[in-house]
Amino acid sequence: MDAVRSAILNNRLSAIAEEASAAIYRTAHTTFVKVVQDYQCALATADGDMFAHPKLTGVNVFISAPIRPTLDAVGIDNLTLGNLIITNDPFATDGLVTHMMDIAMLYLVFRSGKLIAVGWAVVHASDIGGAVPGSISPAFTDVFQEGLRIRPLELYEAGVLNTTVKAFIEDNSRTPGELWGDFQAMILGLKSLDRRVNELCDRYGNDEVEQGMQDVINNAESNERSVISAIPDGTYSFSDYLEGINESQLAYFSVTLTVRGGVVDVDFTGTDPQLAAASNLVTGATTHPYIVQCLISFILTMDPLTPRNAGILRAIRAQAPRGTVLNAVSPASGGSRAASATRAYDTTLGCLNQALPEGLAAAGAGSIGVIVVATPDPRTGRDSVSVVNTIVGGSGGRRGIDGVDAVEVRYGALRSVPAEIVEVETALIVRGIRLIPDSRRAGQYVGGAAIQIEWENTANRANLTVRNMNRFVFPPWGFRGGEQGLVGKTIVNPGRPDERSIGKILVRQMDRGDVVRPVSPTGGGFGDPLERDLSAITTEIEGGMLSRTRAQSVYGAECDAHGDIDPTAMAQTRRKLAKETPKRVEFNFCAERQLQEKGLAYRRSPRSRLVRAVAGAARPPSTRPERPPPNVAQREDGYSRPAQAGRGRRASPAVWRKALTAWRAGCLYAEATSRASFMNVSCR
């Protein structure tokens, strides 16, 4: 197909996906879908390769999610016209579903008895049962606490609803009516996809439409390779930390980015094993868009006309070893898996900053708190479960432009819930939503500001859960002289005698009149603050986001008697500050991370190794059973993990990390494979 005809068909296919996505958005029932827009739909070929994906509504983190394993799980040859598959099982779908609260549907598009396409849709369910309302707590240690798990099965067979499956799902949700309402919205969108594809075949013919599907995928691949070819060939490595559910739990993330000949290899070997917490993620055997989102965003930024389909991943080869946080095996919990995906984004960004001569961006807030509240509903006598809002910190300063206040780049597609809706649907009163002055981190281009939200409970009781909160100990890093970001915090009952700071919220019971005030982290700054433009500083001061005191201390902005910045005095102060300021480092890491790294450096030093060797030689042979290597603690679930560090404590040696990761991941994978064989289910 020629380029012009291919472009026309791409626009038609994209419009079909956009229409279906808008239909889901307009007919969904739950706040998290109809307001926040945590849902999506797309079209894939009969082999499971996505060729049309919306960009105006819904999330954008599942472009080219793996569909084929789910089709194989139910037997693609057994599927007929009118069949609709439903699932929320991350393990059985090998990553099509990334956590159980995402419920996915596949609808088969037939033409003259031949399968020509597959419609896909997913929504975030507000509740699928489990130990807490909303089904997610960051503290959950296994998947069985997170509610109903549905292996791929047919909700509709030959167009007929399986009422037993429907009743089984509804019986295991605290919000059955709203959940089924979202399902109906998904089905509406999927049927729209089916109808429009058949209409397209009526106009152009089956063969030309199927060829057009492949052409638009090839077009995306061509654009992708052009962008990647501009990245200098080389190998770039970066690491970061994910905070767990308490101070003693910490996960190490490591990535190596190898760019060669227009192809990128992304290797997460060295990342810690899966946690006894809900931060785990299933990404399967193929390159998963959820952990290479930074590269996808980079490609779409450099070439916005790149079609959003499977071609965008063809030149990216990602590997996350089984049994690690980024590719967990059963029975790992995963309700808060977005926290881990965010850290994968940050580590990949660190590699791109090294690869690109001018850099790209400082780290963003690295946290998206999704707040769910359950309160008694006097009309039904049951608890009402609703998503209150999301709280996302500012993005990092970027090359040539400031970061965005209260918005992380990775979560830019999610919308905020208006205060009026929160107060109508829940027992909470929104006392305030505000940006925090002086929270933008200094740099030539500043990091986005923190946001603060405050709620008061008016019911006799309320159950509040928040997932994905992070960066409460390790602030986001600045880049090329930019300030590191600020950490998040949560204050209960501010201004009262019982005021206290509680850190991250896991599950919190609120009494009548209790007030909770979470404050987000902020993004790091980009570039030397002493090179920030005078007009940008003035705009911040006039907008109330920068005090004159801070402007003087970080930017050298001297004010005259009228409160205006004096350019001559500022130039003199900047020269003085430049002499007094230590040499700027490429990455501005926080003191907590530096202490962590110093502890690791000591343990791999020759003196430390000599001390351990002498101590080992002097010790008599042990008759005790073999134990894990030194500084490896036993987890509550029986698996071993490196002894993690709280603030200022030393962690396990970095030189052992990859070996320990491979050993433990191998044990987890072997156990899961053995369990799957016993149950006649393949893990691959």
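In this predicted model, helix α5 (residues 176-204) and helix α6 pack with their axes 7 Å apart and at an angle of about 120°, the axes being lines fitted to C-alpha atoms, for helices over the stretch in contact, with angles running from 0 to 180 degrees between N-to-C directions. The two helices α5 and α6 are therefore oblique to each other, since angles under 35 degrees count as roughly parallel, over 145 as roughly antiparallel, 65 to 115 as roughly perpendicular and the rest as oblique. Contact, meaning heavy atoms within 4.5 Å, is made by L200, C201 and Y204 of α5 with N206, E208 and V209 of α6. By class, these comprise four nonpolar residues, one polar and one charged, where Ala, Val, Leu, Ile, Met, Phe, Trp, Tyr, Cys and Pro count as nonpolar, Asp, Glu, Lys and Arg as charged, and the others, Gly among them, as polar. Helices (H or I, at least four residues) and strands (E, at least two) are DSSP runs, numbered from the N terminus.

Residues are numbered from 1 along each chain as its sequence is written. Local features need pLDDT of at least 70 and side-chain atom pairs count only at pLDDT 80 or more, whereas totals for chains, interfaces and linings use all residues, and side-chain values use heavy atoms, with hydrogens and water left out.

An open sheet of four strands, with mixed pairing, has the order β8-β9-β10-β11; two strands pair if DSSP finds at least two bridges between them. Its edge strands, β8 (234-243) and β11, each pair on one side only, and the twist from one strand to the next averages 15°. Strands β8 and β9 (residues 250-260) pair in the antiparallel sense over ten bridges, with T258 in β9 as the bridge partner of T235. Helix α6 (residues 206-229) packs on this sheet, touching β9, β10 (263-267) and β11, and its direction makes about 80° with that of β10.

In the loop between β11 (316-319) and α8 lies P331, which is joined to S330 by a cis peptide bond with omega of about 10°.

Across the whole structure, 13 aromatic pairs are found, rings of Phe, Tyr and Trp (its six-membered ring) being paired if their centres lie within 6.5 Å, with planes under 30 degrees apart counted as stacked, over 60 as edge-to-face and the rest as tilted. The rings of F62 and W120 have centres 6.3 Å apart and planes at 75°, so the pair is edge-to-face; F62, in the loop between β2 (50-52) and α3 (68-74), and W120, in strand β5 (residues 114-124), are 58 residues apart. Both residues, F62 and W120, are buried, that is, under 20% relative accessible area, with exposed meaning over 50% and partly exposed in between (1.4 Å probe, protein chains only). The rings of F62 and Y290, with centres 5.6 Å apart and planes at 10°, form a stacked pair. Y290, in the loop between β10 and α7, is 228 residues from F62 and counts as buried at 3% relative accessibility.
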